[in-house]
Amino acid sequence: MEKVKLAVIFYSMTGTNYQLAKWAAEAGREAGAEVRILKVHELASESVIEGSPAWKATVEATKDIKEAGSEDLDWADAIIFSAPTRFGTMPSQMKQFIDMQGGLWAEGKLTNKVVSAMASAQNPHGGQEGTVKEIYTVMMHWGAIIVPPGYTHDSIFEAGGNPYGTSVTQGEDGKMVENVKDAVYHQVKRTVQIAGWIKEGMNK
Ligand SMILES: Cc1cc2nc3c(=O)[nH]c(=O)nc-3n(C[C@H](O)[C@H](O)[C@H](O)COP(=O)(O)O)c2cc1C
């Protein structure tokens, strides 16, 4: 069977979602998928970024990563989104990327994409679940097939037990509080596996 094509699309200001996305890309490759790791376009001005060493460091660390475009969504069988919480919702950078997909949607090219989402926040209950569910609301409008982790693996409990999608708390030192790597791996492998079943079924 042809490989599942996986797009891992993230926004990250201080590196957390970049790390989640890197783990997701690794997991996708381990699951046998062809993987593209992609960032969404930054909307903040250079002068604002310049004033935050952590933000500047993330921009520098991700400078060689391609920006996601409609062609990547069209290419992908499966998509993993990763985004930090902004007052309980997704960041405008991610929303802007989504809002640019009207053309692809109108052509029916987002139907049956197999999708799953991850999120982070500063607080353990700072809006991670809401952010994942907000992404899923968009996915329902796309006619995409949402693959939530549920409680399908022990790693989900260790990661804090979010059945909507892996989520993490960013501690005061900027590091992740919960151990979520295994949960990310499980979520991505499960998404790739289900995308494979669907791809195979569609090709019959
Ligand atoms: C404008 C703004 C709003 C935020 N709102 C929340 C919030 O409502 N709850 C929360 O716990 N963290 C909030 N945060 C913290 C971020 O979610 C956190 O820094 C982020 O998840 C880290 O991810 P990143 O390192 O990938 O940028 C906010 C951060 C910013 C800049």
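Helices (H or I, at least four residues) and strands (E, at least two) are taken here as DSSP runs, numbered from the N terminus. The model is a predicted one, in which local features need pLDDT of at least 70 and side-chain atom pairs count only at pLDDT 80 or more, while totals for chains, interfaces and linings use all residues. Residues are numbered from 1 along each chain as its sequence is written.

Phenylalanine 87 is found in the loop between strand 3 (78–84) and helix 5 (92–99). Its phi is near 50°, a positive value in a residue other than glycine. A residue is called buried if 20 or more other C-beta atoms, placed from the backbone, lie within 10 Å of its own, exposed if 12 or fewer do, and partly exposed in between. Phenylalanine 87 counts as exposed because it has 10 C-beta neighbours inside 10 Å.

Asparagine 112 also has a positive phi, near 70°, and is likewise a residue other than glycine. The loop that holds asparagine 112 runs between helix 6 (102–106) and strand 4. With 15 C-beta neighbours inside 10 Å, asparagine 112 counts as partly exposed.

Strand 4 leads on to the ligand. The shell around the ligand has 18 residues, of which Thr14, Thr16, Pro84, Ala121 and Gly126 come nearest; a residue is near a molecule if its C-beta atom, placed from the backbone, lies within 6 Å of it. Helix 1 (16–30) and strand 4 (114–121) are the elements that give two or more residues to this shell. By class, the shell has 4 nonpolar, 13 polar and 1 charged residues, where Ala, Val, Leu, Ile, Met, Phe, Trp, Tyr, Cys and Pro count as nonpolar, Asp, Glu, Lys and Arg as charged, and the others, Gly among them, as polar.

Helix 1 also packs against helix 9 (residues 181–203), at an angle of about 50° and with the axes 8 Å apart. Axes are lines fitted to C-alpha atoms, for helices over the stretch in contact, and angles run from 0 to 180 degrees between N-to-C directions. In helix 1, Leu20, Trp23, Ala24, Ala27 and Gly28 meet Lys181, Val184, Tyr185, Val188, Lys189 and Val192 of helix 9; contact requires C-beta atoms, placed from the backbone, within 7 Å. The residues of this contact divide into 8 nonpolar, 1 polar and 2 charged.

Lysine 133 has its place in helix 7 (residues 128–142). With 16 C-beta neighbours inside 10 Å, lysine 133 counts as partly exposed.

Definitions and conventions. Contact = placed C-beta atoms within 7 Å.
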